[in-house]
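Please open the structure in the viewer and keep the sequence beside it.

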Amino acid sequence: MVSMRGQDLVNARAKEANGIQQQASRTQVMQTPEGLIAIDKGTNSAMPVTMGGKPVRSEDSMKKTANAKTVISLLDEADKLIPNSTGSVIGYGVDAVVGATGYGTKGATAIGQLKTIEGQLIGNMPRMEGPQSDADRMLYQQAAGDIANAMKPREIRKAAVQTIRKLQERYAPGQSAGGIDSLLDKY
């Protein structure tokens, strides 16, 4: 009787293992921008891959979130500097004249700081693959809002910062565009 019960347990475990293997063979895990999903080819259903009750994010999604956090912190700094920066062709001329004497204006100093931030923003913009030309560099500079251009009015640069912020907040934590449920509707 005891040996029969032991055999039944072994058979039950083997049957369970076969079921798990069968399900695994018909399940495909896909990386999506929103996270990982498991597609069961046998039932034509999809569900997010979870760990600890939370969806497992794709590598691409985690990179975008980290990048968005960096960009948003740079934009916070730019927001503080733009009001003090030079914002006209005439102001740029004044900065150049004062600079020729070995001094810097408050506006020129802020522009110098914004150039550093702009360089960091350009470095965090998505890139095309392959060799980069001067035209590509100018495109990346435009994507960064040209925030250090002393000849552009402050309001235009502020608007560019706000637009970049709005675009990056889609990738910041808790700001998912559509979320996993809308993704599952696609599959």
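Begin by selecting helix 2 (residues 59-81) and helix 6 (residues 154-168), whose axes come within 10 Å and cross at roughly 160 degrees. Axes here are lines fitted to C-alpha atoms, for helices over the stretch in contact, and angles run from 0 to 180 degrees between N-to-C directions. Helices (H or I, at least four residues) and strands (E, at least two) are DSSP runs, numbered from the N terminus. Helix 2 and helix 6 are therefore roughly antiparallel to each other, a term for angles over 145 degrees. The model is a predicted one, in which local features need pLDDT of at least 70 and side-chain atom pairs count only at pLDDT 80 or more, whereas totals for chains, interfaces and linings use all residues. Residues are numbered from 1 along each chain as its sequence is written, and side-chain values use heavy atoms, with hydrogens and water left out.

Contact (heavy atoms within 4.5 Å) joins Asn67, Ala68, Val71, Ile72, Leu75, Asp76, Ala78 and Asp79 in helix 2 to Val161, Gln162, Ile164, Arg165 and Gln168 in helix 6. Of the residues in this contact, seven are nonpolar, three polar and three charged. Ala, Val, Leu, Ile, Met, Phe, Trp, Tyr, Cys and Pro count as nonpolar, Asp, Glu, Lys and Arg as charged, and the others, Gly among them, as polar.

Now select aspartate 76 and arginine 165, whose side chains meet in a salt bridge (2.8 Å, N to O). Aspartate 76 belongs to helix 2 and arginine 165 to helix 6, so the pair ties together parts that are 89 residues apart in sequence. The structure holds four salt bridges, each being a side-chain nitrogen of Lys or Arg within 4 Å of a carboxyl oxygen of Asp or Glu.

Which residues make the contact? Val71, Leu74, Leu75, Glu77, Ala78 and Leu81 of helix 2 meet Ala110, Gln113, Leu114, Ile117, Gln120 and Leu121 of helix 4. These residues divide into nine nonpolar, two polar and one charged.

Three strands form an open sheet in the order 1-2-3, with antiparallel pairing; two strands pair if DSSP finds at least two bridges between them. Strand 1 (27-32) and strand 3 are the edge strands, each pairing on one side only. Select strand 2 (residues 35-40) and strand 3 (residues 45-48), which pair over four bridges. Alanine 38 has methionine 47 in strand 3 as its bridge partner, and isoleucine 37 has proline 48. In the hairpin of these strands, which has four residues between them, asparagine 44 takes a positive phi near 55 degrees.

Technical notes: Angles under 35 degrees count as roughly parallel, over 145 as roughly antiparallel, 65 to 115 as roughly perpendicular and the rest as oblique.
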